[in-house]
Amino acid sequence: MVVDALSRKSMHVLAHLVVQRKTLGREIQKLENDGIRLDETEEGRITAYALVESSLVAHVKAKKDEDPYLVKLKEGVRNNEITAFTLGSDRVLKLNDPLCVPDVDGLRKSIMKEAHNSRYSIHQDAIKIYLDLKELYW
């Protein structure tokens with residue numbers, strides 16, 4: 001009888017752990033859907049960080065198929081005729097890492113205006129702005 005009592009208690013605890021694990025898994029998935037990533041450090045701690053994307057980058061990605069020149073380049077990449085460019089997992093054309101900005105809806109001008117007027121953009125001259133933008137856009 002003692003063995004049965006202990007085994008029942010043990011199973012109850014295990015069942016509780018399984019339910020908590022499922023709940024935790026759902027919570028982690030919700031965080032991931034909201035752009036929150038969790039990493040485990042070497043010390044066994046959990047670090048959470050948020051992935052953010054500029055609205056301009058989102059706009060570039062949304063307009064990726066509206067510029068005829070970039071569409072031709074994209075076809076060349078697909079046919080292995082052009083190797084300098086690549087297609088990202090989101091099917092956006094890139095030159096190495098920078099996004100190729102379509103020449104539609106004044107998007108390029110908006111990017112330049114944002115870079116010049118932003119409080120977070122500290123620049124001494126046009127070359128500094130160019131070098132900063134070159135890291136993100138082509």
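## Helix packing and nonpolar cores in a predicted model

The accessible surface of the protein is about 11200 Å², and carbon and sulfur atoms hold 56% of it. Areas come from the Shrake-Rupley method with a 1.4 Å probe; for residues, only the protein chains shown count as cover. The model is predicted: local features need pLDDT of at least 70, side-chain atom pairs count only at pLDDT 80 or more, and totals for chains, interfaces and linings use all residues. Residues are numbered from 1 along each chain as its sequence is written, and side-chain values use heavy atoms, with hydrogens and water left out.

The protein has 5 helices and 4 strands. Their order from the N terminus is α-β-β-α-α-β-β-α-α. Helices (H or I, at least four residues) and strands (E, at least two) are DSSP runs, numbered from the N terminus. Of the 138 residues, 22% count as buried. Buried means under 20% relative accessible area, exposed over 50%, and partly exposed in between (1.4 Å probe, protein chains only). Among contacts with a separation of 6 or more, 44% join residues 24 or more positions apart. Contact means heavy atoms within 4.5 Å.

Next, the helix pair. Axes are lines fitted to C-alpha atoms, for helices over the stretch in contact; angles run from 0 to 180 degrees between N-to-C directions. Helix 2 and helix 4 (residues 107-117) pack at about 170 degrees, with axes 11 Å apart. The two are therefore roughly antiparallel (angle over 145 degrees). The residues in contact are these:

| Helix | Residues in contact |
|---|---|
| Helix 2 | Leu 56, His 59, Val 60 |
| Helix 4 | Leu 107, Ser 110, Ile 111, Glu 114 |

A nonpolar core is a set of buried Ala, Val, Leu, Ile, Met, Phe, Trp, Tyr and Cys residues joined through side-chain atoms within 4.5 Å. The largest one has 11 residues, including Leu 56, Val 60, Leu 99, Leu 107, Ile 111 and Tyr 137. Helix 2 and helix 4 each supply at least two residues of this core. Apart from it lies another core of 6 residues, among them Leu 70, Leu 73, Phe 85 and Cys 100. Beyond four places in sequence, Leu 99 touches Val 57, Val 60, Val 92, Leu 93, Lys 94, Leu 136, Tyr 137 and Trp 138.

Lys 63 sits in the loop between helix 2 (55-62) and helix 3 (68-78). Is Lys 63 buried or exposed? Lys 63 counts as buried because its relative accessibility is 17%. Leaving aside neighbours within four places in sequence, Lys 63 contacts Pro 102, Val 104, Asp 105 and Leu 107.

Conventions. Angles under 35 degrees count as roughly parallel, over 145 as roughly antiparallel, 65 to 115 as roughly perpendicular and the rest as oblique.
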